[in-house]
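User: Hi, I'm new to this one. Can you walk me through it?
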Amino acid sequence: MAVDQLSRAFVALADPTRRDIVARLSVRDATVGELAESYAMSMQAVSKHLKVLEEAGLVSRSRDAQRRPCHLEPQVFDLMTSWIERYRRQAEARFSRLDAVLSALGDRDTAPGAAADATPDAHPAPDTHPTPTPTPDRTGPVNAGTRPRPDRPAPPRGAPS
């Protein structure tokens with residue numbers, strides 16, 4: 001059941017307006033009318049956003065006489081944080097292993113045997129420079145209609161242009 005609540009929470013927070021509502025409610029509780037003042041939308045639209053947040057368990061409403069303030073429910077954020085933290089730790093462990101491999105490779109390159117190859121008495125390496133490729137002749141007239149365009153497939157041969 002926790003996975004369903006986690007999915008609903010992430011879906012609810014996918015909308016920037018709902019994320020902003022959560023940010024506002026993290027400062028203090030507010031009514032629908034107080035929240036609607038901050039947006040260029042109707043109270044009904046803000047109420048719909050709040051309903052999505054409520055269904056995800058991120059927000060709840062209480063009754064205070066005529067006032068119905070909305071407030072955040074931190075338990076769902078704890079669930080989301082623990083889920084994210086698990087994958088953050090896994091990624092961090094992978095990066096640590098990668099750092100160890102790169103460090104070992106760097107140590108191997110700076111080993112005393114590796115420096116011997118760089119001495120002036122060593123035989124020079126064969127010429128490894130690539131042969132330059134000839135550039136096309138651009139001195140003739142340019143007709144844009146005859147060049148192939150990379151964004152369009154070439155027409156079949158014999159087809160009218």
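User: Which residues form one aromatic cluster?
Analyst: Phe 10, Trp 83 and Tyr 87 do. Rings of Phe, Tyr and Trp (its six-membered ring) pair if their centres lie within 6.5 Å; planes under 30 degrees apart count as stacked, over 60 as edge-to-face and the rest as tilted. By this rule there are two aromatic pairs.

User: What kind of model is this, and how are residues numbered?
Analyst: It is a predicted model: local features need pLDDT of at least 70, side-chain atom pairs count only at pLDDT 80 or more, and totals for chains, interfaces and linings use all residues. Residues are numbered from 1 along each chain as its sequence is written, and side-chain values use heavy atoms, with hydrogens and water left out.

User: OK, overall picture. How many helices and strands?
Analyst: The protein has six helices and two strands. Helices (H or I, at least four residues) and strands (E, at least two) are DSSP runs, numbered from the N terminus. Along the sequence the pattern reads α-α-α-α-β-β-α-α.

User: And how much of the protein is buried?
Analyst: Buried residues make up 18% of the 161 residues. Buried means under 20% relative accessible area, exposed over 50%, and partly exposed in between (1.4 Å probe, protein chains only).

User: Let's zoom in on α2. What does α2 span?
Analyst: Helix α2 covers residues 16-27, twelve residues. From first C-alpha to last it reaches 17 Å, close to the 16 Å expected at 1.5 Å a residue. That expected span is 1.5 Å times one less than the number of residues.

User: Which residues of α2 are buried?
Analyst: Thr 17, Arg 18, Ile 21, Val 22 and Leu 25. They sit on the same side of α2, because they cover an arc of only 145° around the axis. The arc is that of the directions from the helix axis to the C-beta atoms.

User: Why would spaced-out residues point the same way?
Analyst: An α-helix has 3.6 residues a turn, so residues three or four places apart point the same way.

User: What's on the face turned away from the buried side of α2?
Analyst: The exposed residues Pro 16, Ser 26 and Val 27. Ala 23, also in α2, is partly exposed, at 39% relative accessible area.

User: What happens at the start of α2?
Analyst: A side-chain oxygen of Asp 15 comes to within 2.8 Å of the backbone nitrogen of Thr 17.

User: Back to Ile 21. What is Ile 21 in contact with?
Analyst: Leaving aside neighbours within four places in sequence, Ile 21 is in contact with Leu 35, Tyr 39, Val 46, His 49, Leu 50 and Leu 53. Contact means heavy atoms within 4.5 Å.

User: His 49, then. Buried or exposed?
Analyst: His 49 is buried, at 13% relative accessible area. It lies in helix α4. Not counting residues up to four places away in sequence, His 49 touches Asp 15, Thr 17, Arg 18, Ile 21 and Met 41.

User: Which members of the largest nonpolar core touch the most others?
Analyst: Ile 21, Leu 25, Val 46, Leu 50, Leu 53, Leu 58 and Val 59, out of 22 residues. Elements giving two or more residues to this core are α1 (2-12), α2, α3 (32-36), α4 (43-55), β2 (70-72) and α5 (74-109). A nonpolar core is a set of buried Ala, Val, Leu, Ile, Met, Phe, Trp, Tyr and Cys residues joined through side-chain atoms within 4.5 Å.

User: Last one. Where is Ala 30?
Analyst: In the loop between α2 and α3. Ala 30 counts as buried, at 5% relative accessibility. The C-alpha atoms of Ala 30 and His 71 are separated by 7.1 Å, though 41 residues apart along the chain.

Conventions. A polar contact is a pair of N or O atoms within 3.5 Å; within protein, one must be able to donate a hydrogen and the other to accept it, and residues adjacent in sequence count only if both atoms are side-chain atoms.
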